[in-house]
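Visitor: I would like to learn how to read a few features of a protein model. Could you take me through them one at a time?

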Amino acid sequence: MVAAAGVTLSGRLHTASAADVGTLAASAGCGKAPTLTSGTRSIQSSGKNRSYILRIPDGYDRNRQYRLIFGFHWRGGTAVDVDTGQTVLRDVWSYYGLRQLANNSAIFVAPQGLGNGWGNAGGEDVVFTDDMIRQIEADLCVDTSQRFALGFSWGGGMSYALACARATVFRAVAVYSGGQISGCSGGSQPIAYLAAHGVSDGVLGISGGRSLRDRFVRNNGCAAQNAPEPARDSRTHITTTYSGCRAGYPVVWIAFDGGHDASPADGANRDAPAAVKGRVTYLPGETWRFFTQFGGTTPPSSPPPSSPPPSSPPPSSPPPSSPPPSTGACRVTAAVNAWNSGLTEDLTITNTGTAAINGWSLLFTLPSGQTITSGWNATYSPSSGQVTARNVSYNAAIAPGASVSVGFQANHTGNTAKPPSFTLNGASCATS
């Protein structure tokens with residue numbers, strides 16, 4: 001870990017006017033050889049020693065303007081929890097699942113709260129955020145019109161506080177099961193706002209989430225409405241995109257059948273183990289789409305679609321934009337996590353050849369009794385027997401020595417074995 005000790009930053013972060021929110025602007029760090037590296041950083045803020053974890057994209061390009069995304073932890077959580085995703089599913093759940101979807105198109109920050117919370121006394125956590133932005137953007141290349149914040153529970157409350165106090169600094173926020181527990185200084189300006197809340201939340205009730213949402217329904221000029229919410233034990237969620245909002249300032253409300261949950265899922269998966277929900281929850285995909293709709297100087301990586309509900313059959317054909325398959329040597333590593341009558345299977349496809357693969361189809365046969373109900377990072381057809389997994393738009397290319405990770409969830413009747421073999425673009429793959 002690398003620490004930038006003794007850094008003192010004072011004053012307020014410069015903010016653009018609301019009219020300039022969409023303007024593409026390079027930070028001072030663009031074009032500079034960076035001195036910051038991924039890892040834990042220390043910083044002085046409001047006379048206190050503070051810290052945060054910084055994650056810089058692999059292959060960082062000093063001339064590319066990156067999104068900057070802050071992930072705030074919950075009460076009793078830590079920056080390490082957000083950075084690793086370890087409380088739900090390590091790596092896959094890093095930064096609430098967004099780091100994987102970003103595919104090296106964003107710089108991520110996991111701040112550490114005082115006492116593992118976001119009391120924001122006198123606005124000190126908002127100033128801490130200002131100071132982190134200033135330190136990062138002085139050294140790294142950031143699109144200053146593409147700053148985002150999200151968090152769960154108290155982290156959602158902190159993201160809400162930033163929506164109130166820094167609406168002209170952040171482009172959008174996502175508030176998961178939040179409440180007004182970190183304050184709301186200001187709170188009169190518009191900002192793109194996404195919120196998700198469980199109808200049975202017994203920690204921070206959904207009525208509080210509605211109240212937070214309604215502030216930005218008003219600020220953003222949206223038409224007021226009673227957004228529908230699912231019934232308890234319906235095992236579904238309802239997403240409402242408000243109409244009439246000021247251009248560039250949408251409000252999205254996701255109400256789900258569940259409690260105080262950062263990785264909600266539908267159907268039987270509502271009560272599945274955390275590692276399963278980390279794979280099948282719709283919330284990372286919804287949030288990534290919400291954040292990336294605002295564009296930027298660097299074209300966004302296309303997010304995968306939300307996992308379809310268990311009753312939806314997998315798509316039967318590859319996306320029209322997928323390039324034609326090419327051949328190459330390969331290795332596939334399969335890992336199965338099974339329970340009762342269900343399982344998930346993670347597949348890592350590695351290009352062991354010397355030429356890049358541009359477009360791929362992976363053929364395998366499911367053991368008897370297994371039926372795919374949903375998947376991620378690939379399309380799957382048919383749902384049983386001999387299955388073909390095809391790339392989606394954002395992972396069609398596999399460089400020599402590189403890997404892509406895909407996977408699926410399936411029902412089983414007792415046989416939880418892996419497929420016996422895999423074929424990539426017509427070539428047999430080694431397995432491990």
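Predicted model: local features only at pLDDT ≥ 70, side-chain atom pairs only at ≥ 80, totals over all residues.

Visitor: How many of the residues of α3 are buried?

Guide: Of its 16 residues, 13 are buried, and α3 is thus described as mostly covered.

Visitor: Now for pairs of helices. How should I read their packing?

Guide: Two packed helices are described by the angle between their axes and the distance between the axes. Take α3 with α4: the angle is about 80° and the axes are 10 Å apart. Angles of 65 to 115 degrees count as roughly perpendicular, and therefore α3 and α4 are roughly perpendicular to each other.

Visitor: Which residues make that contact?

Guide: From α3 come Asp-125, Val-126 and Thr-129, and from α4 come Met-158, Leu-162 and Ala-165. Sorted by class, the contact of α3 with α4 has four nonpolar residues, one polar and one charged.

Visitor: And at what angle do α4 and α5 pack?

Guide: Helix α4 (residues 154–165) and helix α5 (residues 206–219) pack at about 20°, and their axes are 12 Å apart. That angle makes α4 roughly parallel to α5. The crossing of these two helices is left-handed. On the α4 side the contact involves Tyr-160, Ala-163 and Cys-164, and on the α5 side Leu-212, Arg-215 and Phe-216. In the contact of α4 with α5, five residues are nonpolar, none is polar and one is charged.

Visitor: What should I look for in the backbone angles?

Guide: Most residues other than glycine have a negative phi, and most peptide bonds are trans. Now look at Asn-104, where phi is near 70°, a positive value in a residue other than glycine. Asn-104 sits in the loop between α2 (98–102) and β4 (106–111). Asp-233 also has a positive phi, of about 70°, although it is not a glycine. The loop between α5 and β8 is where Asp-233 is found.

Visitor: Is Asp-233 buried or exposed?

Guide: Asp-233 counts as exposed, at 59% relative accessibility. Asn-104 is partly exposed, with a relative accessible area of 31%.

Visitor: Which peptide bond is cis?

Guide: Look at the bond from Ser-381 to Pro-382, which is cis with omega near -10°. Pro-382 lies in the loop between β15 (379–381) and β16 (386–390).

Visitor: Finally, how do I read a buried residue?

Guide: Start with where it lies, then look at its contacts. Ile-69 belongs to strand β3 (residues 66–72) and counts as buried, at 0% relative accessibility. Leaving aside neighbours within four places in sequence, Ile-69 touches several residues, including Leu-98, Phe-108, Phe-148 and Trp-288. Ile-69 and Leu-98 are 29 residues apart in sequence, with 9.0 Å between their C-alpha atoms.

Visitor: Where is Asn-220 placed?

Guide: Asn-220 is in the loop between α5 and β8 (237–241). Asn-220 is buried, with a relative accessible area of 0%. Beyond its neighbours within four places in sequence, its contacts include Pro-190, Cys-245 and Tyr-249.

How values were computed
Residues numbered from 1 in each chain as written. Heavy atoms only, no water. Buried < 20%, exposed > 50% of the residue type's maximum accessible area, 1.4 Å probe, protein only. Helix = DSSP H or I, 4+ residues; strand = E, 2+ residues; numbered from the N terminus. Axes fitted to C-alpha atoms, helices over the stretch in contact; angles between N-to-C directions. Parallel < 35°, antiparallel > 145°, perpendicular 65-115°, else oblique. Left-handed = near helix turned anticlockwise from the far one by under 90°. Contact = heavy atoms within 4.5 Å. Nonpolar A, V, L, I, M, F, W, Y, C, P; charged D, E, K, R; others polar.
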